[in-house]
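Here is a short report on how one protein model packs its inside. Look at the structure first, then read on.

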Amino acid sequence: MKRFLIFCFLIFAGTIFFVANLDAQTFRIGVFDMQRIMKDSKVIQEYRGTLGKEIEAKRKLLAEKQDSVRLIEERLKREDKGLSLDERKRLEERLARELKELQRLREDIDLELRKIDRELSQRAIREINEIIREIAKKEKYSIVFEKAMAGIAYHEEPFDITQKIIDLYDSKT
């Protein structure tokens, strides 16, 4: 980690040195805020809506399985004394099976939802990077930094291209 930070600092220092030696008109720096894009973009909000629908569908399936388990538990408690040993054993085995299925279902749903979230996030980042390259080429930016990752504490407003990215990204869909 320490080597990585030193490497980043050297790259940043080299960039600053390079910038200092260039004519101000030939070198343009852009800055964008990925968190703001993820919060404000309509496309990202649609992705979240898609994920929300998937979550809702999976919750219904999980709720049905939980209801099935609860009914078996209630029957075992309610008819505790009235059940024969064979019937009680059969219900307990069924309950154990249902509980295992419920646990597997929870794990499968969690894994599937994480996969969907990861795919949507990767797709969004890939699309946003294409938009950034498009804006950088069109408006002749020499370097574009992500505000948080570059460790930028301050920048003037003209350098921030976040809203341009959001507008172009939202207009492409």
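## The nonpolar core

The largest nonpolar core has 32 residues. A nonpolar core is a set of buried Ala, Val, Leu, Ile, Met, Phe, Trp, Tyr and Cys residues joined through side-chain atoms within 4.5 Å. Buried means under 20% relative accessible area (1.4 Å probe, protein chains only). Phe32, Ile44, Tyr47, Ile128, Ile165 and Tyr169 touch the most other members. Helix 2, helix 3, helix 4 and helix 5 each give two or more residues to this core. Helix 4 gives the most, with 14 residues. Helices here are DSSP runs (H or I, at least four residues), numbered from the N terminus.

Take isoleucine 128. Leaving aside neighbours within four places in sequence, isoleucine 128 is in contact (heavy atoms within 4.5 Å) with Met34, Ile37, Met38, Ile44, Ile165 and Tyr169.

This is a predicted model: local features need pLDDT of at least 70, side-chain atom pairs count only at pLDDT 80 or more, and totals for chains, interfaces and linings use all residues. Residues are numbered from 1 along each chain as its sequence is written, and side-chain values use heavy atoms, without hydrogens and water.

## Helix 5

Thr162, Ile165, Ile166, Tyr169 and Asp170 are the buried residues of helix 5. They lie on the same side of helix 5, because they cover an arc of only 120 degrees around the axis (from directions to the C-beta atoms). They pack against strand 1 (29-32), helix 2, helix 3 and helix 4.

## Helix 3

Helix 3 spans residues 42-78. Its buried residues include Val43, Ile44, Tyr47 and Lys58. Helix 2 (34-40), helix 4 (85-138) and helix 5 (162-171) are among what covers the buried residues of helix 3.

Notes: The expected span of a helix is 1.5 Å times one less than its number of residues. Buried means under 20% relative accessible area, exposed over 50%, partly exposed in between (1.4 Å probe, protein chains only).
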